[in-house]
Amino acid sequence: GSIYVTDCIEMDPYELIGQYTGDVLLFHGDADFLVPITYSEQAAEVYDSVQFHVIEGAGHGFFGEAMAEAMKISVAFVEAECE
């Protein structure tokens with residue numbers, strides 16, 4: 001309803017994500033035409049512990065080599081967290 005829309009408009013997502021204190025893995029494709037990369041760059045500045053990776057040539061979704069690169073980095077991130 002309307003309260004949902006009002007809450008979303010008034011919400012500061014960067015303030016909210018800044019409350020998370022764990023490690024963060026963040027990806028953004030440099031060919032993403034839906035979400036500007038500046039959103040992820042700003043998010044990367046908010047987190048205390050972040051690995052931010054720009055996937056060259058990737059759009060909003062990752063396919064092919066971009067997906068393989070993101071998966072490789074993701075597996076390494078999870079393995080490091082489990083050590």
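Q: How many disulfides are there here?
A: In this predicted model, the count of disulfides comes to 0.

Q: And the cysteines, say Cys8, how exposed is that one?
A: Cys8 has a relative accessible area of 35%, so it counts as partly exposed.

Q: What about Cys82, buried or exposed?
A: Cys82 counts as exposed, because its relative accessibility is 65%, over the 50% cut-off.

Q: Switching topic, how many aromatic pairs turn up in the whole structure?
A: A search of the whole structure finds 1 aromatic pair. The partners are Phe27 and Phe62, whose ring centres lie 6.2 Å apart with the planes at 85°, so the pair is edge-to-face.

Q: Where do Phe27 and Phe62 lie, then?
A: Phe27 is in strand E1, residues 23-29, whereas Phe62 is in the loop between strand E2 (49-55) and helix H4 (64-82), so the pair ties together parts that are 35 residues apart in sequence.

Q: Is Phe62 buried or exposed?
A: Phe62 counts as buried, because its relative accessibility is 16%, under the 20% cut-off.

Q: OK, now His28, where does that lie?
A: His28 lies in strand E1, and with a relative accessibility of 5% this residue counts as buried.

Q: What does the side chain of His28 reach?
A: The His28 side chain reaches the backbone oxygen of Val35 at 2.9 Å, and a polar contact of 3.5 Å joins the side chains of His28 and Asp32.

Q: Which residues does His28 touch, leaving out those up to four places away in sequence?
A: Leaving those out, His28 touches Val35, Pro36, Ile37, Ser40, Phe52, His53, Val54, Ile55 and Phe62.

Key. Residues numbered from 1 in each chain as written. Predicted model: local features only at pLDDT ≥ 70, side-chain atom pairs only at ≥ 80, totals over all residues. Heavy atoms only, no water. Phe/Tyr/Trp six-rings, centres within 6.5 Å; stacked < 30°, edge-to-face > 60°. Helix = DSSP H or I, 4+ residues; strand = E, 2+ residues; numbered from the N terminus. Buried < 20%, exposed > 50% of the residue type's maximum accessible area, 1.4 Å probe, protein only. Polar contact = N/O pair within 3.5 Å; in protein donor to acceptor, adjacent residues only side chain to side chain. Contact = heavy atoms within 4.5 Å. Disulfide = S-S within 2.5 Å.
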